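Dear colleague,

Please find below the structure that I am handing over to you. My findings follow directly after it.

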Amino acid sequence: MGLVKGKIALVTGAGAGIGRATAMLFATEGAKVVVSDIDPASGNETVALIEKNGGEAKFIKADVSKSKDVTALIKSAVDHYGRIDCACNNAGIEGKVVPFHAQSEGNFDAIISVNVKGVFLCLKQEIEHMRNNGGGTIVNLSSVAGLIGFPGLSPYVASKHAVIGMTKNAALEYAKEGIRVNAICPGGIDTRMLDSLAEQASGGGMSTDEMMDPLHPMGRIGTPQEVAELIVWLCSDRSSFITGTAVPVDGGYTSQ
Ligand code: NAP
């Protein structure tokens with residue numbers, strides 16, 4: 001308790017999965033949270049869950065792939081809470097599982113626009129704000145797919161490699177200004193996105209657990225909470241000498 005006490009944290013894609021767990025853990029650990037998502041219903045549900053646990057949060061709608069939305073998000077967050085100390089750029093989509101030669105331009109554009117442009121737009125504006133505010137910490141959601149390839153997922157793999165590239169560059173450019181930027185690389189995590197990937201990859205023939213558990217050395221997929229623990233710690237002062245990294249949280253997946 002109290003890992004990020006008194007800080008203001010922003011989480012994108014916080015209406016579900018890893019984003020929701022992260023927003024909730026930020027609040028449990030003492031931060032006031034800006035919960036952002038493309039979907040107001042699920043975002044407001046996250047706020048209600050935080051408030052039920054005694055925390056403080058505000059929902060602000062934003063599609064991270066839209067420059068105007070991201071500008072309005074940062075402005076409203078700062079207008080409401082005065083500043084942003086920690087940001088988690090989590091919103092992402094998986095798209096379609098299709099071999100490389102059969103990938104459509106539409107699927108590629110859709111994935112790149114949320115997973116790469118979305119992180120770019122958020123990072124840029126968060127950094128701009130943090131430079132004028134004495135620093136801050138940022139965690140970007142990459143994936144094990146940012147470190148290695150996954151057949152059928154070429155646009156997603158490209159997007160998650162790009163997130164690590166942007167993370168390294170931002171970390172280098174602002175290291176002396178008190179802004180730390182890290183990426184994290186989850187393995188299979190129990191969310192709607194993983195259900196979609198398992199269903200597409202197995203043609204609906206296997207459950208998520210049947211398909212994904214045996215792929216991980218620990219024999220199971222991870223929970224959103226296990227990812228949130230890493231994100232909140234990387235955003236806290238306890239990780240003060242860590243920047244520019246891409247940290248796996250994958251039950252040993254990338255050690256194979
Ligand atoms: P999820 O359960 O699908 O949740 C993603 C959230 O982001 C949803 O609330 C979604 O809203 C929202 N979102 C989608 N597009 C958006 C946009 N353009 N702007 C703002 N919000 C948007 O996914 P998750 O599994 O928690 O994944 C979160 C992040 O972790 C993603 O970046 C993903 O690539 C990464 N990741 C996940 C896994 C995994 O196994 N789950 C592994 C590695 C990395 P809607 O539902 O309304 O679309």
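The shell around the ligand is made up of 14 nonpolar, 10 polar and 5 charged residues; here Ala, Val, Leu, Ile, Met, Phe, Trp, Tyr, Cys and Pro count as nonpolar, Asp, Glu, Lys and Arg as charged, and the others, Gly among them, as polar. The model is a predicted one, in which local features need pLDDT of at least 70 and side-chain atom pairs count only at pLDDT 80 or more, while totals for chains, interfaces and linings use all residues. Residues are numbered from 1 along each chain as its sequence is written, and side-chain values use heavy atoms, with hydrogens and water left out.

In total, 29 residues surround the ligand, each with a heavy atom within 4 Å of it. The closest are Asp 37, Asn 90, Tyr 156, Thr 191 and Arg 192.

A backbone N or O atom of Ile 18 is 2.8 Å from a ligand oxygen. For a polar side-chain atom of Tyr 156, the distance to an oxygen atom of the ligand is 2.6 Å. In Thr 191, a side-chain N or O atom lies 2.5 Å from an oxygen atom of the ligand. The protein buries 90% of the 890 Å² that the ligand exposes when taken alone (Shrake-Rupley method, 1.4 Å probe).

Helix H1 (17–28), helix H5 (154–174) and helix H6 (192–202) are the elements that give two or more residues to this shell. The largest share, 3 residues, comes from H6.

The protein as a whole has 8 helices and 7 strands, assigned as DSSP runs (H or I, at least four residues, for helices; E, at least two, for strands) and numbered from the N terminus. Its C-alpha atoms fill a box of roughly 50 × 35 × 35 Å along the principal axes.

Yours sincerely

Definitions and conventions. Polar contact = N/O pair within 3.5 Å; in protein donor to acceptor, adjacent residues only side chain to side chain.
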